[in-house]
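Biologist: Please put the model on screen. I want the terms tested against their definitions.
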Amino acid sequence: MDIIVCLKQVVDPELPVRDFAIDPSTKRQVRDGRPLVISTYDENALEVALQLKDAGGARVTALTLGPQSALGDAVRLALAMGADEAVVVDDPRGPDLLGIEKVGILAAAVRRVGRFDLVLCGCESADWVERAVPPLLAEAIGAACVTFATRVEAADGGLLVRRMADDGFHQVEARLPAVVAIASDEGNRPRLPKVKDIVAAKRKPVQTWPVGDLGVPSVGEGALGVEVREVVVPQRTARCEFVEGEPAEQASALLRRLQDLKLL
Amino acid sequence: MAGICVVAHALDGTLGRSSLELVGAARALDAGLGLGMAAALLGHGSHLAEATDVLQHHGVTAIYRVDHPLLTAGQTDAALAALESIFQRAAPQVVLVSADTVGRELAPRLAHRMAAALVTEAVELGVEDGVITARRQVYGGRAIATLVVTKRPAVLSVKPRALDVPEPKPATATIEDVAVAIDAGALPTRVREVLREQADVGLEDAQIVIGGGRGMGGPDGFKLLEELAALLDGAVGASRPPADAGWVPISWQIGQTGKTIRPALYIAVGISGATQHIAGASGARTIVAINHDPEAPIFSMAHLGIAGDYREVVPALIAKVKELKGR
């Protein structure tokens, strides 16, 4: 099976509050000098790909869209975890594009990689959280689509996918090719690369494609139809009042406060 | 011809609360846009009549209805085919979808097929000068983005539980049953089995919620939280680490990828306050945090805090609540 895993590099979502800022000109998070990581669920998606590779053999290509100059360790980590090769679509605006803007680029990159049965993505990006790219990509490349999947296995020439649902799980059969968006569970916790894997990763092929070479016309604002007017950090008005004392005193004082607030 | 169309589905057997939340949003948008509103109702069998009544009772005056045996739980591809048939007739300018299991897949795919503008996971919709605005959480709830929808058609998905269910407003709807041919063999996905988890503890509706996090250290600590919740008539939830680790069912998860709660009181125990969790819990009116680390980010959003070991604090709370309630 040929698998492409889409990885997005984002500013560490657990960045301390004091380092979080919005750039009013781009209306996006300030990235300069902040640590970059692979977006939370994208690592789970890579783990699912590697488990499919372990189970039945697969060629795993890591695909990322972003400024090549600020790539950080995402690609090296993916290769060290076990991806066979990596493709970087070099686009300075990559991380800030909305789903509809970037899906054409991703679809062109997937087609240029050529061989693919399965494209895996994280179920949402840690930054913009649109949850839109996997279904849009499925439409753009004519593939089946399942989102919020926690397990994927090959079955009967297709896939059997466990999807999180509002009240449990769905077992979904999907045809290939498919785009599957992965959510985390105990079965797809990302593996930690060993030292020898990190060394071996340095010899694995990484291709860089300037976005212009993909020949995808950029989506104008009119065609996009959505304008980001502002992004604001809500002012937290809550000032935490600490309840002091021994546990029994703390418990009594807390309950009194909650009664005062008519919450009990 | 109605310009605003709500996707109301009864794929799970009944019309969900989230469909009514969309009806409320459509009523508000229609007041500003004057486009008229309709519902696309999908499902199968006798409960469709019931769902039709509920929609009319909440002010829907036009219903396009598809009854098909494939329109059951989780069948996104069948729902997509049915909606395409409806929209060829209704040609809506604004489509509202709930970002539930099916809607999360439907909304972007519909937008792609309709060459429409797309906004997902909105928590608030409005109209300014004849243009739709949407607000949504970004960066794990650390910031709020306001988007302006400048094109039609537009597909907007709304986060379940972000909006209130509207007041009833009885109306009589024109009902059009739309015949749709769906070729089961041609659908790219098919739900083979629905695995329901233990009955939901009513997390999303509870007025008091107690959440446990990584700091609980394992499944046993949750027993204490359940005992306290039972005394307070509350429900127990969790942040992502306990759900990922299998300490609690995934249906207990509160957060960006879990449930959104809006209780009067949320007690967060052993939760550090990762953005992923805060995105689902920030709607609580009062937040109490119990954590051994007084520097934990959860305290920056809490109103009341106890810096201490939950293994001591929670049993003390249980004892005091029992005293209080005379049990």
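Modeller: Start with contact: two residues are in contact if their C-beta atoms, placed from the backbone, lie within 7 Å. This is a predicted model: local features need pLDDT of at least 70, side-chain atom pairs count only at pLDDT 80 or more, and totals for chains, interfaces and linings use all residues. Residues are numbered from 1 along each chain as its sequence is written, with chains lettered from A and ligands numbered from 1 in the order in which they are written.

Biologist: How many residues of chain B are in contact with chain A?
Modeller: By that cut-off, 71 residues of chain B touch 70 residues of chain A. E11(B) gives the largest share of chain B's side, 8 residues. Helices (H or I, at least four residues) and strands (E, at least two) are DSSP runs, numbered from the N terminus.

Biologist: What makes E15 of chain A and E16(B) a pair?
Modeller: Two strands pair if DSSP finds at least two bridges between them. Here 2 bridges join them, and they run parallel. A:Glu241 stands opposite B:Leu304.

Biologist: Which strands pair with E1(B)?
Modeller: E4(B) does, parallel, over 3 bridges. E2(B) is also parallel, with 6 bridges.
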